[in-house]
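Below is a short briefing on the fold and packing of one protein chain. Please look over the sequence and the model before reading on.

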Amino acid sequence: MVIDFSRYSPVQIGPVVKVAEVTRENFNGEFLVGGATNTLISPTPPRLGILGEEYRQIEWEGKFLKVGGGVRNRHLYNFAKRHNLGGFEFLRQLPGTIGGSLKMNAGVKGEVISSQLVAVELLEGWIPVEELQFWYRGSSIEGPIFRALFQISRGYSRELDQKLVELRRNQPKGPSLGSVFKNPPGGFAGKLIGEAGLKGRRIGGILISPIHGNFFINAGNGTYSDYLRAVELARREVFRQFGVELELEIKILDKNF
């Protein structure tokens, strides 16, 4: 299939490229883009792939959910709410797919996707969670995640759902990839970028949000080059002023990078 990433990507940046539909049997080293929600795709990307239809299904088996890696986070949230299954409330406003969210251990304010995980299906087969490692916005998982198995331990919580919605209510609007940098130990990337005087700064078509410094908005015709320049500006100024090295949370896909 062919995807125009200037339309497909949440930040509305990217080329028109051929993307392979991947299964466990035909995977050939492609980078799986999922929803491209935390991924900046260059004009010269590596080989890209997207999981096939068989990996976009949800199966409920007693106290367990088997979820395809290509299932959208929002779809799993809706399924869990409809069937009174707890532990997925934080997915309501979290973009992307389950496979990508597991690899980066996505979460909101202490709620993380790995907390109910039992096992994942990788190229080598099903791997129990005890053989994996998860940390803040990362994991030991390499390669594609085809399916995941979660254990259900409680019912859906409307109170928690609303609390998490309120926590995200003030996030900036507009085309973006969400948080650009991981929070450094003991601090917040957005706060450091703001204190460095960069909130509201525009670099070409990319705006460092005046609301939250860790969100870079495509304010109109933003390019891959503009985004990289904004990333380097934030890194340089935060290090120069505070001695803190910011680590990217987003992935940059460029075979020349």
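How many residues does the largest nonpolar core have, and which have the most contacts inside it? In this predicted model, that core has 32 residues. L65, L91, I98, L102, V120 and F150 have the most contacts inside it.

**Cores**
- At least two residues of this core come from each of β8 (64-68), α2 (73-82), α3 (98-103), β11 (117-122), β15 (147-151) and α4 (158-168).
- Helix α2 gives the largest share, four residues.
- Apart from this core lies another one, of 26 residues, which includes L40, A189, L192 and V231.
- In soluble globular proteins, nonpolar side chains tend to be buried together.

**Contacts of L91**
- Beyond its neighbours within four places in sequence, L91 is in contact with N73, R74, L76, Y77, I98 and I113.

**Fold and dimensions**
- The protein chain has six helices and 19 strands.
- Its radius of gyration is 18 Å, which agrees with the value near 18 Å for a compact globule of 257 residues.
- Along the principal axes, the C-alpha atoms fill a box of roughly 50 × 40 × 30 Å.
- Of the contacts between residues at least 6 apart in sequence, 62% join residues at least 24 apart.

**Burial, surface and charge**
- Of the 257 residues, 51% count as buried.
- The accessible surface of the protein chain is about 12,600 Å², and carbon and sulfur atoms account for 49% of it.
- The chain carries 33 positive and 26 negative charges, and their mean positions are 7 Å apart.

How values were computed:
Residues are numbered from 1 along each chain as its sequence is written. This is a predicted model: local features need pLDDT of at least 70, side-chain atom pairs count only at pLDDT 80 or more; totals for chains, interfaces and linings use all residues. Side-chain values use heavy atoms; hydrogens and water are left out. A nonpolar core is a set of buried Ala, Val, Leu, Ile, Met, Phe, Trp, Tyr and Cys residues joined through side-chain atoms within 4.5 Å. Buried means under 20% relative accessible area, exposed over 50%, partly exposed in between (1.4 Å probe, protein chains only). Contact means heavy atoms within 4.5 Å. The radius of gyration is taken over C-alpha atoms; the globule rule is 2.2 Å times the number of residues to the power 0.38. Accessible areas come from the Shrake-Rupley method with a 1.4 Å probe; for residues, only the protein chains shown count as cover. Lys and Arg count as positive and Asp and Glu as negative; His and the chain ends are not counted. The place of a charge is taken as NZ of Lys, CZ of Arg, CG of Asp or CD of Glu.
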